[in-house]
Amino acid sequence: MRVATDIGGTFTDLVYVDENGFIGVAKSNTTPPNFEKGVLDVIEKAGVKSEQLSMFIHGTTVIINALTERKGAKMGLITTEGFRDVLEIARGNRPDLFNVRYKKPEPFVERHLRLEVGERLNYKGEIILPLNREEIEECVKYFKKEGVEAIAVSYIHSYVNPTHEIETVKIIKEVWPEVFVTASSDITKEWREYERTNTAVLNAYVQPAATTYIDKLDKKLREQTEIDQRYIMQSNGGTTRFNSAKAAPINMVESGPVAGIFGAAVLGELIGEKNIIAFDIGGTTAKCSLIENGEVKVSTDYYIERDSRNAGYPIKAPVVDIVEIGNGGGSIAWIDDAGSLKVGPQSAGAVPGPVAYGLGGTEPTTTDANLLTGRLSPKNFDYDVDMNNVKEAIQKKIGDQFGISAEEAALGIIRIANSNMLNALKLISIRKGHNPQNFTLLAFGGGGSMHAPALALELGVKKVIVPIASPVFSAWGMLMTDLRHDYIQTYIKRMNELSLAEMDAQWEEIEEHALTYYKDEGMMAGTVEFHRFADMRYLGQEHTVKVPVPNGKWTEEDKQAIIEKFHDLHEKNYTFKLVDSPTEIVNLHVTAFGKVPKPIIGKITREGSVEEAKKEMRDVYFEQKGWISTSVYDRDKLPPNEVVHGPAVVEEKAAATVIYEGQQLYLDEFGNIIIEMEGK
């Protein structure tokens, strides 16, 4: 039996699949700060026996939480002489151009803990000034005195030649074995000193917390089972073993959310949907990503805490291209100083949670609003819901401020939440030159199916899919992943001067390194699959375009075909191409997949009728319609291919799908809910 668990801000999700293809799901509360307890709780709740486990895959928010909450280690940085302030200088491209009070992000390392040593390489990686061991030992001595817990090492041009960084780490470990150390060249071999240094710093910053967490989880799992296949989800959409995750925890910064995006691509291939907007609404956040022609887009231009006013912090690690906002089921509705209604980003979390939970929450949330408007039923909660408390909280906190009823205030909360989510969907589609009408909206998470049909009407999307295991779909996606590692090497060469023999040698060197790594993880070379990409640009440009390139040895014809492909992709991304301009490669990118067997997704066979699946008639409050008596159905009893016309509600464990007048839904042969406009 394969088990996947995903820790979210509010709930910890679990999906398992047995040898017969049967899929089971479970949810339990997330348990900060002892997150491993929530994992064990949900395994117990699912009734999974330790002797049944053959594979365990885990997604976690520990890394992103440690960064955003500033709960990492006390940091020290060792860098090349003259580069002490690279984290403070950062970049000059301010996001808020006309803000005279703009401040750059505060570095994660205090200035007095950023130390310089006299070493130097040139841009070719040739040693100009050798490393001085005594200077390194002096740095370590100072860090010990200051109570530093983790050290980052980042030297200029080490992406070409990491010799000095390797030697520095060795010296540090000799004189201070207990300290956590990160060399920038172990995390990324891409150029750009600021981004590379910041990535090394953030990796070291979270490494103690990540190591403690993984070790505690590993220990608890070993106490219950002897399973050897224990993996953690990475931000690139693949998995890695526990030990590898501890060495480079920054690769888990979006560990949980990206699994759902990858799962959406896998499901899309299964049901013939290549163009998908994956949309995940949890208890705390909403996430979305665009999948085009079945391809999940991965980038190393990732930032945390970046928005229209803040530059954020760059992380040069492969991350699925994802937009995330602070809106989910637990998002709190509040009135700002100007008297406007806002929803999020503050969240009630699992404890105290929404008012409906009865655990001490006093602030109305999106969940409370959906409950009061009839979209959710109090009968489906794990708590005894006091509807009077819910109504009173919404009336007092929101309704009275605008002189409207609690029901109208609740609908206002839902509409504001939908507006926030709509902006996120536009960022990932329209703002990037894509027409959302050409895509299918695949909605999951506890709130995805609740809000997606309304958002589809706003965007003009013609089809919405609510997948199997939708409340825990990110965990489902983990069951479909392979081991994955990305190897990116800066290698600047003009295409018209490129030596094919030298190029082939570079690809082979990267792939041999990947094979050695997988061999150490116990995988045979025949199970490793390589995908190659080249980051290319026109000569003199700053930005690059990622171009898929062929495996094996290149020919002159291959080179010309790659240049033509670059022109086409550049035009697609930036609306123009310069066919007479010279082109150059900036980075080589190899994605190495360690292929593992996937569970088989079975088709459903279910007898009965739509009428037999009806649970009740319930009043639901709709925009511009008021209260409407609405049919409520049990998803687990709906027969395939039988149409339900809106307005209607389809309920399942931990989620509900709400469709509007003019929409219809049915279950496909795999049990996915398909929502379309009537007559389409």
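Pro345 is found in strand β22 (residues 341-347). Helices (H or I, at least four residues) and strands (E, at least two) are DSSP runs, numbered from the N terminus. The peptide bond from Gly344 to Pro345 is cis, with omega near 0 degrees. This is a predicted model: local features need pLDDT of at least 70, side-chain atom pairs count only at pLDDT 80 or more, and totals for chains, interfaces and linings use all residues. Residues are numbered from 1 along each chain as its sequence is written, and side-chain values use heavy atoms, with hydrogens and water left out.

A cis bond also joins Pro32 to Pro33, again with omega near 0 degrees. Pro33 sits in a loop, between β3 (23-29) and α1 (35-46).

Next come backbone angles. Ala90 is not a glycine, yet its phi is positive, about 55 degrees. Its place is the loop between α3 (86-89) and β6 (114-117). Ala90 has a relative accessible area of 17%, so it is buried. Buried means under 20% relative accessible area, exposed over 50%, and partly exposed in between (1.4 Å probe, protein chains only). Arg192 is another residue other than glycine with a positive phi, here near 90 degrees. It lies in the loop between α6 (184-187) and α7 (193-224). Arg192 has a relative accessible area of 22%, so it counts as partly exposed.

Now the helix packing. How do α11 and α12 pack? Helix α11 (residues 387-402) meets α12 at an angle of about 75 degrees, and their axes are 9 Å apart. Axes are lines fitted to C-alpha atoms, for helices over the stretch in contact, and angles run from 0 to 180 degrees between N-to-C directions. The two helices α11 and α12 are therefore roughly perpendicular to each other. Angles under 35 degrees count as roughly parallel, over 145 as roughly antiparallel, 65 to 115 as roughly perpendicular, and the rest as oblique. On the α11 side, the contact (heavy atoms within 4.5 Å) is made by Lys391, Ile394, Gln395, Ile398 and Gly399. From α12 come Ala406, Glu407, Ala409, Ala410 and Ile413. The contact residues of α11 with α12 divide into 6 nonpolar, 2 polar and 2 charged. Here Ala, Val, Leu, Ile, Met, Phe, Trp, Tyr, Cys and Pro count as nonpolar, Asp, Glu, Lys and Arg as charged, and the others, Gly among them, as polar.

Helix α12 (residues 406-428) also packs with helix α13 (residues 448-459), at an angle of about 60 degrees and with axes 10 Å apart. That angle makes α12 oblique to α13. The contact uses Ile414, Asn418, Met421, Leu422, Leu425 and Lys426 of α12. Helix α13 supplies His451, Ala454, Leu455, Glu458 and Leu459. The residues of this contact of α12 with α13 divide into 7 nonpolar, 2 polar and 2 charged.

Is His570 buried or exposed? His570 has 0% relative accessibility, so it counts as buried. Its place is in helix α16 (residues 556-574). Leaving out residues up to four places away in sequence, His570 touches Tyr538, Gln541, His543, Val545, Thr575, Phe576 and Lys577.

Last, the cysteines. How many disulfides does a search of the whole structure find? The search finds 0 disulfides, a disulfide being a pair of cysteine sulfur atoms within 2.5 Å. Cys139 is buried at 5% relative accessibility. Cys288 is buried too, with a relative accessible area of 0%.
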